[in-house]
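Biologist: I am new to reading models like this one. Could you take me through it step by step?

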Amino acid sequence: MPHSTATLAPPKPGSKASAATPKTATQKALEKLGLKRDIDLALHLPLRYEDETRITKLRDAREGDSIQIEGRVTDCEVSFRPAASWW
């Protein structure tokens, strides 16, 4: 698959594109967040980021905490239930 090679940084001074290319609203918004290079964007964590990489034991859970737990399905049953009649 082809991938984008676009960068967040403005063109280098002295290049032909530096004088002819004004910054877009997106570029201005990214710079306002301090995201000037590709790596800045890759490492940026949003304000409401929740770490879902750590699994917590249920016994260690505290009230009010957002946690991720892991469980095992031990039984599964599929049964036929006729639709209820509406008349």
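This is a predicted model: local features need pLDDT of at least 70, side-chain atom pairs count only at pLDDT 80 or more; totals for chains, interfaces and linings use all residues.

Biologist: Which residue does K23 meet in a salt bridge?

Modeller: Here is the general idea. Side chains of opposite charge can pair when their charged atoms come close. A salt bridge is a side-chain nitrogen of Lys or Arg within 4 Å of a carboxyl oxygen of Asp or Glu. K23 pairs with E31 at 2.9 Å, N to O, and E31 is partly exposed, with a relative accessible area of 24%. By this rule the count comes to two salt bridges; R37 and D40 also meet in one, at 3.0 Å, N to O.

Biologist: Is D40 buried or exposed?

Modeller: D40 is buried, because its relative accessible area is 19%. Of the 87 residues of the chain, 5% count as buried.

Biologist: How many helices and strands are in the chain?

Modeller: Helices (H or I, at least four residues) and strands (E, at least two) are DSSP runs, numbered from the N terminus. The chain has three helices and zero strands.

Biologist: And which residues line the largest pocket?

Modeller: Again, the idea comes before the case. Rolling a probe the size of a water molecule over the atoms shows where empty space is left. On a 1 Å grid over the protein atoms alone, a pocket is an open set of points where a 1.4 Å probe fits, with protein on both sides within 12 Å along at least five of seven lines; lining residues have an atom within 4 Å of a point. The lining here is E50, D51, E52, R54, T56, S66, I67 and Q68.

Biologist: How far apart are E52 and I67 in sequence and in space?

Modeller: They are 15 residues apart in sequence and 7.7 Å apart in space, C-alpha to C-alpha. E52 is exposed, with a relative accessible area of 55%, whereas I67 is partly exposed at 36%. Both E52 and I67 lie in the segment after α3.

Note on methods: Residues are numbered from 1 along each chain as its sequence is written. Side-chain values use heavy atoms; hydrogens and water are left out. Buried means under 20% relative accessible area, exposed over 50%, partly exposed in between (1.4 Å probe, protein chains only).
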